[in-house]
Amino acid sequence: VQLQASGGGLVQDGGPLRLSCTASGGDIDFSDMAWYRQAPGKERELVAGIDLGDFIEYGVFGQGRFSIYRDNAKNTLYLQMNNLKPEDSAVYYCKALIPDSHGTRQTYWGQGTLVTVSS
């Protein structure tokens, strides 16, 4: 299973950005998925998560600004980010827990996509 994250880039303070994470080699239908981010010198932190029942949780900084959703038909996870701030600048990673052929959920990480918000 591979996760391909995309959509990062340079955006101005207050602008929007949408990140995508497409899975290949596995189905996300029965998977918990999440976005994390890591800024230089800081620990990786949860941005938002969505489980296989579509229960959603957000990190405190994303409440009201970020929206996580999935399109199982496209095997893709999205993160819509609005009103971005310079402190949102980080590498954003997608994570998935995908069942293997034995039904055991395995953890996969995408390669990360860089988001830079200019002030």
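1. Strand 4 and strand 9 pair in the antiparallel sense, over seven bridges; strands are DSSP runs of E of at least two residues, numbered from the N terminus, and a pair requires at least two DSSP bridges. Within this pairing, Tyr36 has Tyr93 in strand 9 as its bridge partner.

2. The model is predicted: local features need pLDDT of at least 70 and side-chain atom pairs pLDDT 80 or more, whereas totals for chains, interfaces and linings use all residues. Residues are numbered from 1 along each chain as its sequence is written, and side-chain values use heavy atoms, with hydrogens and water left out.

3. Strand 9 also pairs antiparallel with strand 10 (residues 105–109), through five bridges, and with strand 11 (residues 113–118), through three. Five residues separate strand 9 from strand 10 in a hairpin, where Gly103 in the turn has a positive phi of about 85°. Seven of the 10 residues of strand 9 are buried, so this strand is largely enclosed by the rest of the structure (buried: under 20% relative accessible area; exposed: over 50%; partly exposed: in between; 1.4 Å probe, protein chains only).

4. Arg44 places its charged end over two rings: that of Tyr93, 3.8 Å from the ring centre, and that of Trp109, at 4.7 Å. The criterion is CZ of Arg, or NZ of Lys, within 6 Å of the ring centre and within 35 degrees of the ring normal.

5. A separate topic is the open sheet of four antiparallel strands in the order 1-3-8-7. Strand 1 (2–6) and strand 7 (66–71) are at its edges with a single partner strand each, so one side of each has no neighbour in the sheet. Strand 3 (residues 17–24) and strand 8 (residues 76–81) are joined by six bridges, and Leu17 has Met81 as its partner in strand 8.

6. Three aromatic pairs are present. One of them, Tyr69 with Tyr78, is stacked at 5.0 Å centre to centre, with 20° between the planes (rings of Phe, Tyr and Trp, the last by its six-membered ring, pair with centres within 6.5 Å; planes under 30 degrees apart are stacked, over 60 edge-to-face, the rest tilted). Tyr69 is partly exposed, at 31% relative accessible area, whereas Tyr78 is buried, at 9%.
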